[in-house]
Amino acid sequence: MCGIVGYTGQHEASPILVSGLRRLEYRGYDSAGLAGVDDGRIEIRKRAGRVRSLEELLDERPMRARCGISHTRWATHGPATDRNAHPHLGGRGGRMTVALVHNGVIENYAALRKELESEGFQFQSQTDTEVIAHLVARELETVDEPFLAVRRALPRLEGTYGLGVVCAGHPDVVVGARFGSPLVVGVGDDEHLLASDAVAIAPHTARVAYLQDGEVVRLTPLDFQIQHLEKGPITPRIDRIDWKPDAVELGGHAHYMLKEIREQPETVTDACRGRLVRSEATAHFGGLNLTARQLRRVRRIVFAACGTSWHAALVGEYLIERLADLPVEVEYASEFRYRNAPLDDRTLVFVLSQSGETADTLGALREARRRGHPTLAIVNTVGSTIAREADGGIYLHAGPEVGVASTKAFSAQVAVLTMLALHLARLRHLSFADGTAILEAIQSVPDLIGEVLRTEPRIDEAAALMTEARNALYLGRDIHFPVALEGALKLKEISYLHAEGYPTAEMKHGPIALVDRETPCVFVAPKGSLHAKTLSNVEEVKARHGVIVSVGTAGDEALAALSDVFLPIPEAPEVIQPLLAVVPLQLLAYHVARRRGCDIDKPRNLAKSVTVE
Ligand code: F6R
């Protein structure tokens, strides 16, 4: 989605702004631009297309300003053209006094545009954003102070925004404002930065202050002040970024997705660090903010999430029901927020999100809280909106995930949910011995994922079989059904092949009609309680000449004999098998997409975090 970077300090702004935009490229965008204040005047450069085109424009027409704002836009109102690219200018009578970048959606922009046009403001774009630039310019005519002008303009807006603003005649001031779209201030030495994601500014400073909804910030090289629109001045809390800036470098890998798949042994280690307690055969979480007594009272759990996080939650459902004997429901956050879902005081609500900014998941969290229901979050991004608004929760500690197709966040989520299931089970009936067995299984996961990663050449063979297919079925039973769903989603989003995930036995109730020599069926079938039944289902596909790719336990001769390509994972207890079985499916999707020549880190129509409904 759209990205914002702002800078004010001792250095030339444009190289800092452009390198910040580059670090946000992975989020998806279709135009880029920047504006600065040079010699008291606003200078602007913007272009449809990649950040590279913007750099070419800057080579032709350099910008010397030491203070500026920049943006990558993902088109919503109006197509991806030079004119619709941000920044937008505000002013009238040929005197443009404001340049502004915006993430979010202004719902009442049509009425505001009519009002401003009637007062002589001329519009250059089809965006909703341009009204904000003119509103600020109108206020600036009377107050001539950027911070005040922004503050006075904001109450007219209905919708969501993260804003960056610079004004003519104010060569070192950047103003930011947030309502529903994230913004963070970077605190440097004699310089300050503004960004929609800390990833953009991490090379410059590890000291950050996250803005809350309703807050406006004024940055100069030497200081920054935050005010809440209603509550007045705020004392900022300075946090430290807990990952290294090179966490978002490719580091020799062909794509971020591949890098993040290969990082998963460390991802699971980091997610488990300090949480497994051998002496009690359990896992502990510092941030849940619930006592053992409160957790024992819980009679039902609801998970709300989207996409890959929803699939992870579904694995959590199988694990918690199996280990802790607690009923679990998994809701699409977009549905949950608008349904009359009954919640009683013995139901525990969790939302799951890698980014912590997904609009639907945030909506679900707010809806649960509005009904007076305490809500917990399982989140990766520290300081994100969901992390801050939840009543408690668990961080994934997976580091920044750059690949648009989520991989390591899924593994971290499943690892956390496995530990949560153990924790809840040990508060109830699970014995010390059984708890210890599960704890040891979890501890073995990083090494076992390492073994799976070494089978990549075999996975590429399976990819070769699937490259020309048009449809694929992904099938799994029990705890492997969500893994099948996740495998199908990975293939769809980066290779554009149609793929569906189903519970294996459901196949004969319809999808088997699709099976022919051209339709690969990917079975997720490690050895476990339902293995014999799964083998019968594989036979059914074989009888119809379907192409069979299977993920199974190493040494499973029966499954291997039925398969065109057999992808082995090490023998392991069922509760940790999802963490192993998902890895070949991630690599399979990656290699199919690579063979089909798809742009893996920039899949079409997708953005990294979906901050609009
Ligand atoms: C798929 C993918 C998406 C996200 C979904 C939720 O690879 O990345 O389906 O999982 O948009 O995002 P978060 O977890 O950030 O809330």
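1. Contact here means heavy atoms within 4.5 Å. The model is a predicted one. With neighbours within four places in sequence left aside, Tyr474 is in contact with Met466, Ala484, Gly487, Ala488, Leu491, Ala499, Glu500, Gly501, Tyr502, Val522, Leu585 and Leu588.

2. Tyr474 also belongs to the largest nonpolar core, which has 99 residues. Tyr474 is listed there with Ile301, Phe303, Ile320 and Leu588 as the residues with the most contacts inside that core. Apart from this core lies another, of 29 residues, including Val98, Leu112, Val131 and Val175.

3. Two packed helices are described by the angle between their axes and the distance between the axes. For helix α15 (residues 456-466) and helix α19 (residues 577-595), the angle is about 55° and the axes are 8 Å apart. The pair therefore counts as oblique. The crossing of α15 past α19 is right-handed.

4. Which residues make the contact between α15 and α19? From α15 come Glu456, Ile459, Asp460, Ala462, Ala463, Ala464 and Met466. From α19 come Pro584, Leu587, Leu588, His591, Val592, Arg594 and Arg595. Sorted by class, the contact has nine nonpolar residues, one polar residue and four charged residues. Met466 of α15 and Leu588 of α19 take part in this contact, and both are also among the contacts of Tyr474.

5. Most residues other than glycine have a negative phi, and most peptide bonds are trans. The peptide bond joining His86 and Pro87 is cis, with omega about 0°. Pro87 sits in the loop between β4 (67-73) and β5 (88-92).

6. Ala281, which is not a glycine, has a positive phi of about 50°. Its place is the loop between β16 (276-277) and β17 (282-283). Is Ala281 buried or exposed? Ala281 counts as buried because its relative accessibility is 0%, and the cut-off for buried is under 20%.

7. Asp325 is another residue other than glycine with a positive phi, near 55°. Asp325 lies in the loop between α9 (307-324) and β19 (328-332). With a relative accessible area of 61%, Asp325 is exposed, since exposed means over 50%.

Technical notes: Residues are numbered from 1 along each chain as its sequence is written. This is a predicted model: local features need pLDDT of at least 70, side-chain atom pairs count only at pLDDT 80 or more; totals for chains, interfaces and linings use all residues. Side-chain values use heavy atoms; hydrogens and water are left out. A nonpolar core is a set of buried Ala, Val, Leu, Ile, Met, Phe, Trp, Tyr and Cys residues joined through side-chain atoms within 4.5 Å. Buried means under 20% relative accessible area, exposed over 50%, partly exposed in between (1.4 Å probe, protein chains only). Axes are lines fitted to C-alpha atoms, for helices over the stretch in contact, and angles run from 0 to 180 degrees between N-to-C directions. Helices (H or I, at least four residues) and strands (E, at least two) are DSSP runs, numbered from the N terminus. Angles under 35 degrees count as roughly parallel, over 145 as roughly antiparallel, 65 to 115 as roughly perpendicular and the rest as oblique. A crossing is left-handed if the near helix is turned anticlockwise from the far one by less than a right angle, and right-handed if clockwise. Ala, Val, Leu, Ile, Met, Phe, Trp, Tyr, Cys and Pro count as nonpolar, Asp, Glu, Lys and Arg as charged, and the others, Gly among them, as polar.
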